[in-house]
Amino acid sequence: MHTFETITDLQTLLQQWRVQGQRIALVTTMGNLHAGHLALIDTARQHADKVVTSIYVNPLQFGPNEDFTTYPRTLETDIAQLKQHPCDALFLPSDNEIYPRGKKAHSQIYVPQLGEILCGADRPGFFQGIATIVTKLFGIVKPDVAIFGEKDFQQLMLIKRLVRDFYFPIEIIGAPIQREIDGLAMSSRNQYLSAAERQIAPQLYQQLCELRGAILSGSGAIAPLLIQSKIKLEQLGFRITYLTVRKISDLCQMVDNAEQASDNSILLAAGYLGKTRLIDNIKL
Ligand code: AMP
């Protein structure tokens, strides 16, 4: 696996691959790799000849009171894991390489509506930071295909929109959520959970599964079912910021009735358990 810290060095190799006619896939990550990330790399390999993985904890997507400084950085173990996987190049840029004039002086990409709801409402500026870094990495790598996890479903939809709006010649592929044995969606932030919180955390997915069952077997308004689930989760110790059913094709559109809910709907949840922010989703 080739490792690069500068854009110029990475692009020299990418250019050679392109001349050889190789199809290039990009997997963007913030490191602290787990089986969810590695599954994206395996998917990337199925769609391309060469796989580039980036590890960059992007300061632009963190709010002032968020975990940018404490975000787990585990480069040595990440590299060891990548060597066991079909990754051809690892891009490890510094802040200076990405934002040479400082992050405040850098152009930013703003995705209205889709970027302002759900996680965008909970975390102002978050999707602007995501859209900016992903656009930048697309510009640097110019991949033929890029893989994103369905765990961050809104992010996946936002990137698809970005690619459509700007005519980026990049195929975007979503990869299924990887879960722990007890159902908890894998996330680098799970390690913030205390032992007691870790026991409770899978209940988020459990509730989503129960809700899906209740919606699909019921009729009429979905809101009472959502309220009941929210109460159950809050009794367990969660502070839920959203629990909602949306149209997959347009997350801005709520699905209010069981009759409207079908395989074009998705149940999305976010909340805090202690200080840890967890998100999850399940298609109906
Ligand atoms: P992150 O390092 O958290 O920014 O995530 C990098 C990529 O990995 C994103 O496309 C995420 O959606 C994806 N990802 C993170 N966790 C999971 C998971 N449990 N299952 C599938 N994809 C994931």
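I count a polar contact as a pair of N or O atoms within 3.5 Å; within protein, one must be able to donate a hydrogen and the other to accept it, and residues adjacent in sequence count only if both atoms are side-chain atoms. This is a predicted model, in which local features need pLDDT of at least 70, side-chain atom pairs count only at pLDDT 80 or more, and totals for chains, interfaces and linings use all residues. Residues are numbered from 1 along each chain as its sequence is written, and side-chain values use heavy atoms, with hydrogens and water left out.

**Entry 1: ligand**

I started at the ligand. I found 17 residues around the ligand (a heavy atom within 4 Å). The closest are Met 30, His 37, Asp 152, Gln 178 and Met 186. The side chain of Asp 152 places an N or O atom 2.6 Å from a ligand oxygen. The backbone also takes part: a polar backbone atom of Gln 178 is 2.9 Å from a ligand nitrogen. For Met 186 I read 2.9 Å from a polar backbone atom to a nitrogen of the ligand.

**Entry 2: domains**

I took the bounds from the domain assignment, automatic or from a database: domain 1 is 2-175 and domain 2 is 188-283. Their C-alpha centres lie 27 Å apart. I then looked up contacts (heavy atoms within 4.5 Å). Here 23 residues of domain 1 meet 19 residues of domain 2.

Next I looked up buried area, the accessible area (1.4 Å probe) that two parts lose on being put together, summed over both. The two domains bury about 1,800 Å² between them, with 56% of it on carbon and sulfur atoms. On the domain 1 side, Leu 118, Asp 122 and Phe 153 lose the most area to domain 2, together 32% of what that side buries.

**Entry 3: charges and polar pairs**

My salt-bridge rule is a side-chain nitrogen of Lys or Arg within 4 Å of a carboxyl oxygen of Asp or Glu. The structure holds nine salt bridges. One of them joins Arg 23 to Glu 171, with the closest N and O atoms 2.8 Å apart. That pair links distant parts of the chain, 148 residues apart.

The rule finds three salt bridges across the domain interface. I also looked up Arg 189, which forms a salt bridge with Asp 67, closest N and O atoms 2.8 Å apart.

Methods
Helices (H or I, at least four residues) and strands (E, at least two) are DSSP runs, numbered from the N terminus.
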